[in-house]
Amino acid sequence: MRRLLPDPQVELDGAELERIYDYPDSLTAPWVQVNFVSTADGASTVDGRSSGMSSRGDKRIFALGRDLADVIMVGAGTAHIEGYGGVKRTEVRAERRARHGLSEVPPIAVVTRRCSVEPDSPLVADTAAAPIVLTCSAAPEERRAALTDAGADVVVAGDHTVDLSKALAALAERGLLRVNCEGGPHLFGELIAENLVDQLCLTVAPLLVSGDATRIAVGLLPSAAPVPLELASVLTEDGHLMLRYRRR
């Protein structure tokens with residue numbers, strides 16, 4: 001993997017990659033990083049999933065996003081389509097997280113208005129860290145109770161939909177400030193609408209797919225001006241571009 005910007009470098013080692021993708025020091029409020037991959041013509045999926053666009057370099061950066069985070073946020077639809085389970089412990093992950101003073105594995109926080117996560121799903125039943133379910137008071141009480149009984153930490157944030165500012169505040173109350181969001185497009189769109197995105201890590205795959213695949217962020221028409229970003233780094237490997245944008 002090579003760095004193109006800043007300071008072009010022929011080859012990056014693990015320590016340098018970790019430095020580039022680490023979170024800011026001394027956080028006092030949630031800091032939200034969003035990870036996405038898209039094709040060169042803007043599709044966020046191939047055959048309905050994102051895995052077909054990934055590369056070795058993209059997978060390394062994806063793993064770093066998890067390894068350096070306090071919590072992984074994901075929409076329930078994406079978690080279901082991509083077959084999410086709990087984050088697994090590995091020697092590399094455990095060493096890296098211990099060095100940064102983090103828990104052994106990060107919990108996954110699932111955003112779901114209807115509390116649609118099943119109590120026996122791998123997210124709940126196959127995990128080393130209890131999942132957090134971010135939902136709203138309109139979600140059926142029996143679903144919330146069943147997830148609580150199964151060991152999930154159920155957080156009610158909002159009335160008829162999930163209020164993401166309240167959800168992030170609840171994560172902060174649990175000491176989870178380094179937030180790594182893995183999609184999907186609707187959750188990303190809602191984060192943009194509420195001006196809650198601090199960094200976007202976007203991998204552009206050298207593929208053209210056309211079709212009706214959605215873009216990486218979708219939602220209602222924006223009510224405010226576009227969020228200005230600055231390009232913080234550009235890496236490349238195997239024809240993929242790994243772009244990192246930070247809020248200006």
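Helix 8 spans residues 185–193, and Pro185, Leu187, Phe188, Gly189 and Leu191 within helix 8 are buried. This description rests on a predicted model. The cover over the buried residues of helix 8 comes from several elements, among them strand 2 (31–39), strand 3 (71–75) and strand 4 (108–111). Helix 7 (164–173), strand 7 (178–181) and strand 8 (199–205) also take part in covering them. After helix 8 comes Asn195, which has a positive phi, near 55°.

Tyr23 has a relative accessible area of 4% and is buried. Trp31, at 12% relative accessibility, is buried as well. Phe36 and Phe188 form a pair with ring centres 5.5 Å apart; their planes are at 25°, so the pair is stacked. Phe36 belongs to strand 2 and Phe188 to helix 8, so their pairing ties together parts that are 152 residues apart in sequence. Both Phe36 and Phe188 are buried.

The next part concerns helix 2 and its neighbours. Helix 1 (residues 14–21) and helix 2 (residues 56–67) have axes that come within 10 Å and cross at roughly 60°. Because of this angle, helix 1 and helix 2 count as oblique to each other. Their crossing is right-handed. On the helix 1 side the contact is made by Gly14, Leu17, Glu18 and Tyr21, and on the helix 2 side by Arg60, Ile61 and Leu64. Sorted by class, this contact holds four nonpolar, one polar and two charged residues. Residues three or four places apart in an α-helix point the same way, because there are 3.6 residues a turn.

Helix 2 also crosses helix 4 (residues 91–99), with axes that come within 10 Å and an angle of roughly 45°. Helix 2 and helix 4 are therefore oblique to each other, and the crossing is right-handed. Here Ala63, Leu64, Arg66 and Asp67 of helix 2 meet Arg93, Arg96 and Arg97 of helix 4. By class, the contact of helix 2 with helix 4 has two nonpolar, no polar and five charged residues. Leu64 takes part in the contact with helix 1 and in the contact with helix 4.

Note on methods: Residues numbered from 1 in each chain as written. Predicted model: local features only at pLDDT ≥ 70, side-chain atom pairs only at ≥ 80, totals over all residues. Heavy atoms only, no water. Axes fitted to C-alpha atoms, helices over the stretch in contact; angles between N-to-C directions. Helix = DSSP H or I, 4+ residues; strand = E, 2+ residues; numbered from the N terminus. Parallel < 35°, antiparallel > 145°, perpendicular 65-115°, else oblique. Left-handed = near helix turned anticlockwise from the far one by under 90°. Contact = heavy atoms within 4.5 Å. Nonpolar A, V, L, I, M, F, W, Y, C, P; charged D, E, K, R; others polar. Buried < 20%, exposed > 50% of the residue type's maximum accessible area, 1.4 Å probe, protein only. Phe/Tyr/Trp six-rings, centres within 6.5 Å; stacked < 30°, edge-to-face > 60°.
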